[in-house]
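Let's take a walk through this structure together, one stop at a time. Have a look at the whole thing before reading on.

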Amino acid sequence: MNELTQIPDPEVATRGTIAERLATFTETLPEREIPAAARERARYLILDAVGIALASTQYDFSHRTHAALAGFGEGSHDVIGYGTRLPLRDAVMMNGFLVHGLDYDDTHTRGVIHATASCFPTAMGMAAEGDRSGRDLLTAYVGGMEVATRLGSVAKGGFHQTGFHPTGLIGAFSSALIAGQLRGLTAKQLAHAQGIALSMASGSLEFLQDGAWTKRMHPGWAGVAGITAAALARAGFIGPKETYEGRFGLYASHLGPLAENCDLAIATEGLGEVWEVNAVAIKPLPACHFTHACADAAVTLRETHGIRPDQIDSIRALIPAEVVKTVCEPVRHKQKPQNSYDAQFSIPFAVASGLVKGRFGLAELEPEALNDAETLSVARKVAYEVDPNSAFPKYYSGEVIVRLKDGRELTHREHMNRGASDRPLSGADITAKFRENAAMALAPSGVARVEEAVLGLDDGISARGLAAVLAGR
């Protein structure tokens, strides 16, 4: 395929464009029967996101971002954990930033996307704006998740190879549909909203070079873009028709030659029948999901064999080829992270932390841990190799091979991440994670109040009531 040529979609002639089909699904979503299991899973995904957002309020990056956005003026929309109120789009921006702030939020494995970080803040903000019920909020959120996960999956991991962060990129389209659905847009208007979002969707991976803070803003910015696109479409603004499959559509323009690998059928596959929200993975570790398998493998090796750092001669980490650019390069930064964000995207540091500390949690991302001489010494011994048996993106596997100074070679492989759909965390596990994170910001009574409100989204609470509880008002 020549660069930026149109991707053929045989269904366009018979069933309309992808944007039109997603618009029809979104418009009719309130009348659909979303299975109880999918709605329950959605509530737990939101609970996880809220806990992370509350924990994020305790960090400097959060305070600086809040100060910047508050500088634009007060509004009527609540900011999670701060008790302040900002204009709609600024509140969505901030809440998305908080959910994604610790890189501890959920991942749809096949789509390689943190969909909740944009879908939930957008749904809460728009539902509160329209004084809608918690049930309406949850319905719109599920719809957005179904779209985002599928659009991400079409690319088969390709966006990371061309320097784009699919969470920010794809989040603009799902947010446009969430905002439009909650504002009562017609299917025609929803289709235009997606076309408009095409000129707003963004998310650069350049932060990987030096641990910059910009990745944290991608989901919230996607929400802002989506809300803006929906408002323009509602007012009659015209957007391109072939948003996804066009000659300069999403995949051709952002993937170039890799667009040949796309499967456009995935974008609408099983809509309303297969609920992808059930396949979203909850993170047990506060780091890029690509590091989890190797981090867990390192911990297992330490626990099984009692490995001491001074015994280690060299370490090899086997990882999928598609994640090398994200968590293995540039090598000098990955072996000695410049800050916590750098460490969250580092296979050498994750493996070294597992072998030296026996864990890789928030405590291992504090400045003292990042500068621990023993951990950094082990990290310098970690080299990566492409895993010939990888099943990426279906599974984010990882294998760690430790060669000891006495000549022994010890190995452990994790075929899939903990928390993935084939190895899920239970509701009790997710609740425990939420409570631990929320306790960083709230007293026990506050933690319990938030938990009750989120898990009761289908039970009568309003969107405004939920937002007030999450803000601590």
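**A walk through the model**

Start at aspartate 103, which sits in the loop between helix 5 and strand 3 (107–108); helices (H or I, at least four residues) and strands (E, at least two) are DSSP runs, numbered from the N terminus. Before going further, note that this is a predicted model, where local features need pLDDT of at least 70, side-chain atom pairs count only at pLDDT 80 or more, and totals for chains, interfaces and linings use all residues. Residues are numbered from 1 along each chain as its sequence is written, and side-chain values use heavy atoms, with hydrogens and water left out.

Most residues other than glycine have a negative phi, and most peptide bonds are trans. Aspartate 103 has a phi near 50°, a positive value in a residue other than glycine. With a relative accessible area of 1%, aspartate 103 is buried (buried means under 20% relative accessible area, exposed over 50%, partly exposed in between, with a 1.4 Å probe and protein chains only). Lysine 156 also has a positive phi, near 55°, and its place is in the loop between helix 7 and helix 8 (158–161). Lysine 156, though, is partly exposed, at 41%.

Now for the peptide bonds. A cis bond joins glutamate 329 to proline 330, with omega about -5°, and proline 330 lies in the loop between helix 14 (324–327) and helix 15 (331–335). Another cis bond joins phenylalanine 392 to proline 393, with omega about 5°; look for proline 393 in the loop between strand 6 (382–386) and strand 7 (398–404).

Next, turn to helix 4 (residues 60–70), whose buried residues are Phe61, Ser62, Thr65, His66 and Leu69. Seen down the helix axis, they fall within an arc of 125°, so they line one face of helix 4 (the arc is that of the directions from the helix axis to the C-beta atoms). They pack against helix 3 (36–56), strand 2 (85–86) and helix 5 (88–100). On the other side of helix 4, Arg64 and Ala67 are exposed.

Leaving aside neighbours within four places in sequence, histidine 100 is in contact (heavy atoms within 4.5 Å) with residues including Asp105, His114, Lys215 and Tyr341.

What about charges? Side chains of opposite charge can pair when their charged atoms come close. The whole structure has 23 salt bridges, each a side-chain nitrogen of Lys or Arg within 4 Å of a carboxyl oxygen of Asp or Glu. One of them pairs aspartate 48 with lysine 433, the closest N and O atoms being 2.9 Å apart. This pair links distant parts of the chain, with aspartate 48 in helix 3 and lysine 433 in helix 20 (residues 427–438), 385 residues apart. Both aspartate 48 and lysine 433 are buried.

Aspartate 458 forms a salt bridge with arginine 135, with closest N and O atoms 3.0 Å apart. Aspartate 458 lies in the loop between helix 21 (444–455) and helix 22 (463–471) and arginine 135 in helix 7 (residues 134–154), so the pair ties together parts that are 323 residues apart in sequence. These two also belong to a network of salt bridges that links Arg39, Arg43, Arg135 and Asp458.
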